[in-house]
Structures are given as C-alpha cells and as structure tokens.
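Subject: Structure for you to look through

Dear colleague,

I am passing on a structure that I would like you to look through with the viewer open beside this message. Please read the notes below it slowly and check each one against the picture.

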Amino acid sequence: MACSLRIPRLPGVRQLDLQALRSRLLAEGEHGSLQSQSWEEFRVDDVEVKFSIGYAYTTVYLLFEVHEPEIRATYRNHLDPVYRDSCVEFFIADAQGRYLNVECNPFGAVLSGIGTGRTGRTLMEPEFFGKLQVDTSLYEGNESGWEALLRIPLDGAGLVKSSDDLSSLPFTGNLYKCGDDLQRPHYLSWSPIGTKQPDFHQSAYFGSFAFS
C-alpha cells in the first residue's frame with residue numbers, strides 16, 4: 001500500500017523564531033518516522049528518525065530528530081556530497097514528475113537540486129540557499145543524536161509559483177536518512193523502495209503528499 005502524508009497548514013509560523021518554530025511543529029505538525037529499511041544488508045537496529053512537518057504559503061517547515069550511535073559530519077559547504085555524512089533528506093515532486101531534493105548533514109550543509117531523475121539535475125543557485133533556512137544541533141549528555149530544522153521555500157526552488165495554493169496541487173515525495181561513509185552505512189525511508197540496491201532517486205516509489 002502506498003504511503004500518504006498529510007501536511008497541515010500552520011498559520012503565523014513565518015514570524016516564529018527557531019525555538020518557537022520547533023515547538024509549533026512538535027505541537028501541531030504532522031508526525032512520522034523513517035521505519036522502512038528496503039535493503040537487508042544495510043539494516044540497522046539502533047538508528048531512529050522521527051519527523052514533524054507543516055507548511056505556510058509555499059514554504060515547508062520540517063524537523064528531523066535523529067538518534068544514531070555514530071554521527072559523521074565532515075562537509076561544511078552547500079552542494080558538498082553530504083549524503084556521505086550522517087544525512088537526512090526531503091524529496092518532493094510536482095504533477096509533472098520534477099522533484100526537489102534537499103539533503104542536510106549535522107553541520108547544516110545542504111545538497112539540493114531539481115529535475116526528473118538522478119541524472120540531468122539542476123543544482124540550486126545561491127539565491128535558493130539565501131532563502132533556505134537550516135538550523136542543526138547535537139543532543140547533549142549521554143544521548144547520541146542530532147536535529148535538523150529546515151525552512152524549505154518551494155517557490156524559491158522553482159517547483160511552484162509564489163502565488164500557488166499548495167492545497168490545490170498534487171505532490172508526491174519521500175523522506176530519508178543515510179550515511180554512505182559511516183562505519184555501518186544505512187538507508188532508512190518513510191516510503192519503501194523496491195530496487196535491488198540503495199537508491200533514493202526513485203520517484204516511482206514516492207508516497208502521496210497532501211497539503212491540507
């Protein structure tokens with residue numbers, strides 16, 4: 001059965017500071033977790049990822065809460081290959097099959113592009129990263145993990161127009177956690193993927209996103 005995610009509208013969220021935004025997402029956002037591990041050879045039992053999501057106008061607000069024993073963060077610049085680090089990812093596709101990928105490591109470095117598949121993607125320009133907001137933090141004490149709080153402007157990426165009402169448009173997508181260069185690489189997703197090898201650029205396995 002295909003996965004479906006309801007993304008609620010959060011009025012007034014644009015004016016909130018980071019802590020208030022985090023609290024609002026936890027209180028009123030839609031919650032989920034990345035429980036699908038589609039490739040048995042990369043299965044792990046000690047990695048847990050929860051997310052909370054909402055939107056206002058054409059911006060998606062997304063909180064990832066990651067618990068994992070090994071946290072790798074080496075890349076510091078946008079468009080670096082952050083999927084080699086501890087990494088969380090959000091993919092969203094429009095009705096024409098173009099999809100935006102936003103991939104983030106614990107330093108807040110983001111790899112992002114738009115296109116219809118893995119190849120031939122257009123990487124995001126500095127203007128997009130100027131509108132994108134990312135805040136990351138490590139858990140303190142004995143808790144091994146980190147969080148990423150993202151404000152993702154879909155209009156700034158060119159996926160939608162600034163005048164669009166997201167609730168009237170069809171979208172699909174997926175959410176992921178990976179770490180190619182970790183001691184134990186792993187690949188978690190919200191919607192299961194039916195390929196033989198790990199590959200997140202598989203829009204055929206995207207679930208439904210319903211902006212309410």
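This is a predicted model: local features need pLDDT of at least 70, side-chain atom pairs count only at pLDDT 80 or more; totals for chains, interfaces and linings use all residues.

Residues are numbered from 1 along each chain as its sequence is written, and side-chain values use heavy atoms, with hydrogens and water left out.

**The open sheet**

Five strands form an open sheet in the order E2-E3-E4-E10-E9, with antiparallel pairing. Strands (E, at least two residues) and helices (H or I, at least four residues) are DSSP runs numbered from the N terminus, and two strands pair if DSSP finds at least two bridges between them. Strand E2 (30–33) and strand E9 (133–138) stand at the edges with a single partner strand each, so one side of each is left without a neighbour in the sheet. The partner of E9 is strand E10 (residues 145–153), joined to E9 by six bridges and running antiparallel to it; in E10, Trp146 is the bridge partner of Leu138.

**The helix across the sheet**

Helix H1 (residues 18–28) lies across E2, strand E3 (48–56), strand E4 (59–67), E9 and E10, and runs at about 85° to E4; such angles run from 0 to 180 degrees between N-to-C directions, with axes fitted as lines to C-alpha atoms, for helices over the stretch in contact, where contact means heavy atoms within 4.5 Å. Leu21, Arg24 and Leu25 of H1 are buried, a word that means under 20% relative accessible area, whereas exposed means over 50% and partly exposed lies in between (1.4 Å probe, protein chains only). The buried residues of H1 pack against E2, E3, E4 and E10, while the face turned away from the buried side carries the exposed residues Gln19 and Ala27.

**The buried strand**

Strand E5 (residues 87–93) has seven of its seven residues buried, so it is largely enclosed by the rest of the structure. Cys87, Glu89, Phe91 and Ala93 are buried on one side of E5, and Val88, Phe90 and Ile92 are buried on the other. Seven bridges join E5 to the antiparallel strand E11 (residues 171–178), where Asn174 is the bridge partner of Phe91. Six bridges join E5 to strand E6 (residues 99–104), also antiparallel, and in E6 the bridge partner of Ile92 is Leu100.

With best wishes
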